[in-house]
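Biologist: I am new to this structure. Could you take me through it, one question at a time?

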Amino acid sequence: MKEHFYRAFEGRLRGSRELVKERQAFYLSFVKPLKTLYTNCPALDLGCGRGEWLEILSENGLQARGVDVDPGMLEACYALSLPAEQGEALETLKLLADESLALISGFHIVEHMPFECLQELVAESLRVLKPAGLLILESPNAENLIVGTNNFYLDPSHARPIPHLLLSFLIEHVGFARFKLLRLQEPPELAKAERIALMNVLAGVSPDYAIVAQKWAPAGQMELFDHAFNKDCGLTLDMLAQRYDGGLQRQFGELKEALQEVVGNTGAALDRLKLSLEETNARLEKSESRGRSIEAALRENIARTIQAEIKQAAVETLNETLRQQVQQAATESNVLREEARQLEQQLQQARQQLSEVQHNSHHWYLRANAYEAQTKDVLNSTSWRITKPLRLLMVCLRQLKGVPSQTIRRLLCSVLSRAMRWVMGRPLLRQRLVDRLKRHQTLFQHLRLFALNHGLLGAQMPPAHASIFSSSGGKIEDLVSMTPRARQIFIRIEQSRQKNGAH
């Protein structure tokens, strides 16, 4: 008995199955673009009831199924072999995988739910929908005063009206990319009626509304739905109230016009008197207008005379300016001639200087050739080739800056020793160098002692020096490695020591 109550109640107050299908076909403009994005286009109708919306979706190629808690309502779905089952809307959504549906709908279910459950239902719908997927929620419109205060409470299962502003905010807060508010089921004739009654304001607002929300998707996919989302429909309380106020104002206007007509008939004589007075005033104004015209013409002539005088003064000023410019141009021409004469003189001087420079350049060219020939002679000379080792030695010395002095001494000794052996092997060159070095006795003695110490002239040091150094306990090699000055001082010290020791 209880199972069939709600079905009978819906059949009485909501209307026939054909009427409901006709109303719900309105949403196909939103649904059809989904078929271009998803082949199967899976859909779920929450609270499917008798299955009108399931039947519409199946007829349009969507893979739809429905759930409802009332088994009596589901009997109509089973009779038509529609894919529906008994279940609770929120629990069914929680069991579905992420992004598994293209469409979720719920017609007149949100007013049956606690608000906390409605919040969860909207959030779960966003999770389950694919990109660009749609959520359609339809509910009674409490903006309609008769619905909000009376008809809503005819259904004993209704909890509380859900104003469209609250549901719109919830949709936006949960995170849907966009939504559309649709006002529905208003009387068609009321949409275009020019005169409306007070009852139309109270009961004529769209009795139902729907929120169509869409999940975010790339711009190319979202554009497929722009046409549907840009449509407006329905009647608001403000619209009907304004039209009602407008009708009242028109009625008041018509009454005012009728009253004015009555007053006009009784005051015809007053109007004729007023007309005569107006004609007199018109003549007076015409005379004043002629006087103003004459005065304006006189002022215009005076203004033209003043403009002519101003133009004449401007022409005279311009002529004076042109005369001054001609004089200035003549002065500048004389200055330019003088500058041209000076430039010609400077050009002549520059030509003379150029001639002198060419002569000097030839002279220095000959000098350069002479210097080049002298340089070649120097480079090809014997002295240049002989001094090549010394020059190489100087280059090496410059590169050896920072090297320990002991290392440099050994290196120089090695280089000098080889150079002297090379010279010793060439008698003529040796004799020439000896003759030249004898002019510098100090250098000659140092080189001779170096040659003796390195076995290039036979004995390495005098026997007397060797015996003195040996008696001191030193090695001959150490004495040889000393500089001549150091060796001389050392020998004198040893001789003095030996002499004192003998005494």
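Modeller: What follows is a set of questions and answers on the predicted model.

Biologist: Before the residues, how are they numbered, and what kind of model is this?

Modeller: Residues are numbered from 1 along each chain as its sequence is written, and side-chain values use heavy atoms, with hydrogens and water left out. Local features need pLDDT of at least 70, side-chain atom pairs count only at pLDDT 80 or more, totals for chains, interfaces and linings use all residues, and the model is predicted.

Biologist: How many helices and strands are there in the protein chain?

Modeller: Helices (H or I, at least four residues) and strands (E, at least two) are DSSP runs, numbered from the N terminus. On that basis the protein chain has 23 helices and seven strands.

Biologist: What percentage of the residues in the protein chain is buried?

Modeller: Buried means under 20% relative accessible area, exposed over 50%, and partly exposed in between (1.4 Å probe, protein chains only). Of the 503 residues in the protein chain, the buried share is 30%.

Biologist: Of the contacts in the protein chain with a separation of 6 or more, what share joins residues 24 or more positions apart?

Modeller: Contact means heavy atoms within 4.5 Å. Among contacts with a separation of 6 or more, the share from residues 24 or more positions apart is 73%.

Biologist: How are helices α7 and α9 oriented to each other?

Modeller: The axes of α7 (residues 115–128) and α9 (residues 164–174) come within 10 Å and cross at roughly 45 degrees. Axes are lines fitted to C-alpha atoms, for helices over the stretch in contact, and angles run from 0 to 180 degrees between N-to-C directions. Angles under 35 degrees count as roughly parallel, over 145 as roughly antiparallel, 65 to 115 as roughly perpendicular and the rest as oblique. The two helices are therefore oblique.

Biologist: Which residues of α9 take part in the contact with α7?

Modeller: From α7 come Phe115, Leu118, Gln119, Val122, Ala123 and Leu126. By class, the contact has 10 nonpolar, one polar and no charged residues, where Ala, Val, Leu, Ile, Met, Phe, Trp, Tyr, Cys and Pro count as nonpolar, Asp, Glu, Lys and Arg as charged, and the others, Gly among them, as polar. The residues from α9 are Leu166, Leu167, Leu170, Ile171 and Val174.

Biologist: Which backbone oxygens does the side chain of Lys215 reach?

Modeller: Lys215 is in the loop between β7 (208–214) and α12 (219–222), and it counts as buried because its relative accessibility is 13%. A polar contact is a pair of N or O atoms within 3.5 Å; within protein, one must be able to donate a hydrogen and the other to accept it, and residues adjacent in sequence count only if both atoms are side-chain atoms. The distances are 2.9 Å to one backbone oxygen and 2.7 Å to the other. In that order, the oxygens belong to Leu126 and Leu129.

Biologist: Where is Val110, and how far is its C-alpha from that of Ile162?

Modeller: Val110 is in the loop between β4 (101–107) and α7, and its relative accessible area of 1% makes it buried. Beyond its neighbours within four places in sequence, Val110 is in contact with Leu118, Leu137, Ser139 and Ile162. Val110 and Ile162 are 52 residues apart in sequence, and their C-alpha distance is 7.4 Å.

Biologist: Is Cys41 buried or exposed?

Modeller: Cys41 is in the loop between α3 (28–37) and β1 (42–46). Its phi is also positive, near 50 degrees. With a relative accessible area of 0%, Cys41 is buried.

Biologist: How does α18 lie against α19?

Modeller: The axes of α18 (residues 405–424) and α19 (residues 427–437) are 7 Å apart, at an angle of about 115 degrees. That makes α18, relative to α19, roughly perpendicular.
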